[in-house]
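I opened this model to take notes on its packing, its surface and its charged pairs.

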Amino acid sequence: AAKAIQRASGADQMTVLGYCIGGTLATCFAALHPEITRNLVLLTAPLDFSDAGQFGRMTAPGIFPVDQLTDTFPTVPAQLPDIGTKLLNPLASYMGTYRQLWDKLGVANFDVKGWQAMYRWVNDSVPFAGAAFRQWIVEFYQENRLAADMLEMEGRPVRLADIHCPVLNIAASRDQIAPRTTTSIVTGSRSSVDSGTS
């Protein structure tokens, strides 16, 4: 994808943006390809899984049957990771969504189409390739290889200190999927001091 962008734009460098898991992958890309990455923009990207909150406890070794799951589903159905995120706060995720909708239906300027678009986006999960899902759970959540400088991709080590570009790191204060403890390491581990966390 990066080579296609370079060919289409004629530029040697690019700004890389990633949201959630995509932010983790964007960070890995920036560490592996600092010569290509001009800027790195992260939106709620988990990077350090040593204190990953409820998700970390749910996916812990001996608790989460990742091998059995991926052996059963070579492609993990979209509904399974979606259920996992909704179980972090089931009352708000299931009942709360419709309660808020009910409360807003009487408001004259309530944007129904906007609510519908957001509802579709939040619930439009995609299937997860089984091997990638296993790697995500084991190497990131269970073994915390990225933060520990033990992760390898493309047969090369992924080191956060190899990121030299400016970083905009946006994290939410009450995010249960990517709590602040998982997002802040990128600003302290990089070689550049041009980063900021919001």
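My notes follow, entry by entry.

**Ground rules.** I am working with a predicted model, where local features need pLDDT of at least 70, side-chain atom pairs count only at pLDDT 80 or more, and totals for chains, interfaces and linings use all residues. Residues are numbered from 1 along each chain as its sequence is written, and side-chain values use heavy atoms, with hydrogens and water left out.

**Overall.** I looked up the secondary structure and found 10 helices and 8 strands in the chain. Helices (H or I, at least four residues) and strands (E, at least two) are DSSP runs, numbered from the N terminus. The C-alpha trace spans about 55 × 45 × 30 Å along its principal axes. I read 36% of the 198 residues as buried. Buried means under 20% relative accessible area, exposed over 50%, and partly exposed in between (1.4 Å probe, protein chains only). I then checked contacts, meaning heavy atoms within 4.5 Å. Among those between residues at least 6 apart in sequence, 70% join residues at least 24 apart. The chain exposes about 11600 Å², and carbon and sulfur atoms supply 57% of that area. Accessible areas come from the Shrake-Rupley method with a 1.4 Å probe; for residues, only the protein chains shown count as cover.

**Core.** Which residues touch the most other members of the largest nonpolar core? I noted Leu-40, Leu-42, Phe-140, Leu-146, Val-158 and Ile-163, out of 37 residues in that core. Strand S1 (14-19), helix H2 (21-32), strand S2 (37-43), helix H4 (66-72), helix H8 (130-142) and helix H10 (185-189) each give two or more residues to this core. H8 gives the most, with 6 residues. A nonpolar core is a set of buried Ala, Val, Leu, Ile, Met, Phe, Trp, Tyr and Cys residues joined through side-chain atoms within 4.5 Å. In general, nonpolar side chains tend to be buried together in soluble globular proteins.

Not counting residues up to four places away in sequence, Leu-146 touches Thr-24, Cys-28, Leu-47, Phe-140, Leu-151, Val-158 and Leu-160.

**Helix H8.** I listed the buried residues of H8: Gly-130, Phe-133, Trp-136, Ile-137, Val-138, Glu-139, Phe-140 and Tyr-141. Just after H8, Asn-144 takes a positive phi of about 50°.

**Salt bridges.** I counted 7 salt bridges in the structure. A salt bridge is a side-chain nitrogen of Lys or Arg within 4 Å of a carboxyl oxygen of Asp or Glu. Glu-139 pairs with Arg-145 at 3.6 Å, N to O. Glu-139 counts as buried because its relative accessibility is 16%. Arg-145 is partly exposed, at 24% relative accessible area. Arg-145 also forms a salt bridge with Glu-143, the closest N and O atoms being 2.6 Å apart. Elsewhere, Asp-67, Asp-71 and Arg-134 are linked in a network of salt bridges.

**His-33.** Buried or exposed, I asked of His-33? It is buried, because its relative accessible area is 15%. His-33 sits in the loop between H2 and S2. Leaving aside neighbours within four places in sequence, His-33 is in contact with Glu-154 and Arg-156. Those two contacts, Glu-154 and Arg-156, form a salt bridge with closest N and O atoms 3.5 Å apart. Glu-154 counts as exposed at 57% relative accessibility, while Arg-156 is partly exposed at 34%.

**Surface patch.** I found a nonpolar patch on the surface made of Phe-73, Leu-80, Ile-83, Leu-87, Leu-91, Tyr-94 and Met-95, with about 660 Å² of accessible area together. Patches are made of residues with over 30% relative accessible area and no salt bridge: like charges are joined within 9 Å, nonpolar side chains (Val, Leu, Ile, Met, Phe, Trp, Tyr) within 5 Å. Helix H5 (79-86) and helix H6 (90-104) each supply at least two patch residues. The largest share, 3 residues, comes from H6. Leu-87 lies in the loop between H5 and H6 and is partly exposed at 46% relative accessibility.

**Asp-82.** I also checked Asp-82, in helix H5. Asp-82 counts as buried at 15% relative accessibility. Leaving aside neighbours within four places in sequence, Asp-82 is in contact with Val-122, Asn-123 and Ser-125.

**Cysteines.** How many disulfides are there? I count 0, taking a disulfide as a pair of cysteine sulfur atoms within 2.5 Å. Cys-20 is in no disulfide; its nearest cysteine sulfur, that of Cys-28, is 13 Å away. Cys-165 counts as buried, at 8% relative accessibility.
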